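Have the sequence and the 3D view open while you read.

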Amino acid sequence: MSDKIKKVSIIVSKGSLDGIYPGLIMGNGARMEGIEANLFFTFFGLYAILKKYMGSIKIATVGNPAMRVPDAKGFPLPTILGALPGMSAFATHMMNKEMEALDIPPIPEFIEMIHDAGGKIYACKATVDMFHLNLADFCPQMDKVLTVGEFYEISAGGQIIFT
Amino acid sequence: MPTKILAGTPVDTDDEGYLVNRSQWNKDVAAALAAEEGITLTDGHWRVLDFIDADFKERSVVPGMRRLNKVGNIPTKDLYALFPDGPIKKAARISGYPKPVSCV
């Protein structure tokens with residue numbers, strides 16, 4: 001087993017529910033396998049670790065040609081209907097119910113779980129500046145704001161995954 | 001299927017060392033499995049193993065992290081401290097149950 005992965009750095013760059021969860025599942029899954037995990041949140045992905053918004057992340061129902069209703073094997077959701085008010089909230093509600101049944105935690109709880117598991121939570125400096133954010137905007141699990149250079153230093157010797 | 005002697009008892013395991021026949025499990029076998037992971041079992045470990053045992057008997061599946069937190073009242077941090085680098089896999093193996101199949 002000498003070729004076992006020892007360390008992963010996962011970049012979360014999207015702020016929709018389906019943009020954030022894969023990175024969290026991979027990060028948590030890495031820790032469960034004894035793999036060192038660094039999660040780096042950038043651009044709209046940063047919303048996953050912003051105290052005020054992390055609990056209300058939604059699925060995009062527009063611009064998602066794979067979106068079907070009422071479930072994954074249902075009818076395709078036309079973009080124009082996806083744009084109706086409440087559609088995104090409804091789709092998010094349905095998916096949250098499915099995830100709850102599978103014991104996949106809501107985003108704030110998931111971030112805490114990964115942090116408690118020893119995974120590191122980093123925020124992208126360029127985005128923090130661009131969005132005019134400060135440390136008080138972040139959840140307490142956020143370890144550090146990193147420049148891209150620091151991110152590469154921390155990621156040295158491991159795999160980097162962009163989501 | 002490998003057979004090995006643990007704590008003086010022959011046990012059948014799969015290729016990854018999980019017991020295939022839980023009737024061959026007892027507390028001494030658990031201690032021997034734990035020793036393979038470099039773990040000496042304490043009351044804290046047994047609280048986890050006992051919960052997995054009770055939960056598996058009820059649901060026929062090894063509980064995931066969130067269930068251990070919410071139903072077993074065992075925090076994530078404690079689980080990683082007790083069973084470092086892969087808490088649920090290690091605890092499941094020491095409990096004599098199969099490799100966990102959940103992603104979370």
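What follows goes from chain A as a whole to its sheet and helices, and then to chain B.

This is a predicted model, in which local features need pLDDT of at least 70, side-chain atom pairs count only at pLDDT 80 or more, and totals for chains, interfaces and linings use all residues. Residues are numbered from 1 along each chain as its sequence is written, while chains are lettered from A and ligands numbered from 1 in the order in which they are written.

**Chain A overall**

Chain A has 6 helices and 7 strands. These are DSSP runs numbered from the N terminus: helices are H or I with at least four residues, strands are E with at least two. Reading from the N terminus, the order is β-α-β-β-β-α-α-α-β-α-β-α-β.

The C-alpha trace spans about 45 × 45 × 25 Å along its principal axes.

Of the 163 residues in chain A, 31% count as buried. Buried means 20 or more other C-beta atoms within 10 Å of a residue's own, exposed means 12 or fewer, and partly exposed is in between, with C-beta atoms placed from the backbone. Of contacts in chain A between residues at least 6 apart in sequence, 73% join residues at least 24 apart; a contact means C-beta atoms, placed from the backbone, within 7 Å.

**The sheet and its helices**

Chain A has an open sheet of 5 strands in the order E6-E5-E2-E1-E7, with parallel pairing. Strands E6 (144–146) and E7 (159–162) are the edges, each pairing on one side only. On average, neighbouring strands are turned by 25 degrees against each other, direction ignored.

| Pair | Sense | Bridges | Partners |
|---|---|---|---|
| E1(A) and E2(A) | parallel | 6 bridges | A:Val8 and A:Ala37 |
| E1(B) and E2(B) | antiparallel | 4 bridges | B:Lys4 and B:Val11 |

How many of the 6 residues of E2(A) are buried? It's 5, so E2(A) is largely enclosed by the rest of the structure. Helix H1 (residues 17–32) of chain A lies across E1, E2 and E7 of chain A, at about 165 degrees to E1(A). Axes here are lines fitted to C-alpha atoms, for helices over the stretch in contact, and angles run from 0 to 180 degrees between N-to-C directions.

Further along, A:Ile80 is in helix H2 (residues 79–82) of chain A. A:Ile80 is exposed, with 8 other C-beta atoms within 10 Å. After H3(A) comes A:Asp103, with a positive phi near 65 degrees.

E1(B) and E2(B) form a hairpin with 2 residues between them, and B:Ala7 in the turn has a positive phi of about 50 degrees.

Where the chains meet, 13 residues of chain B are in contact with 13 residues of chain A. Helices H3 (65–70) and H4 (76–82) of chain B each supply at least two residues of the side that touches chain A. That side of chain B has 6 nonpolar, 3 polar and 4 charged residues. Ala, Val, Leu, Ile, Met, Phe, Trp, Tyr, Cys and Pro count as nonpolar, Asp, Glu, Lys and Arg as charged, and the others, Gly among them, as polar.

Terms used. Pairing = 2+ DSSP bridges. Contact = placed C-beta atoms within 7 Å.
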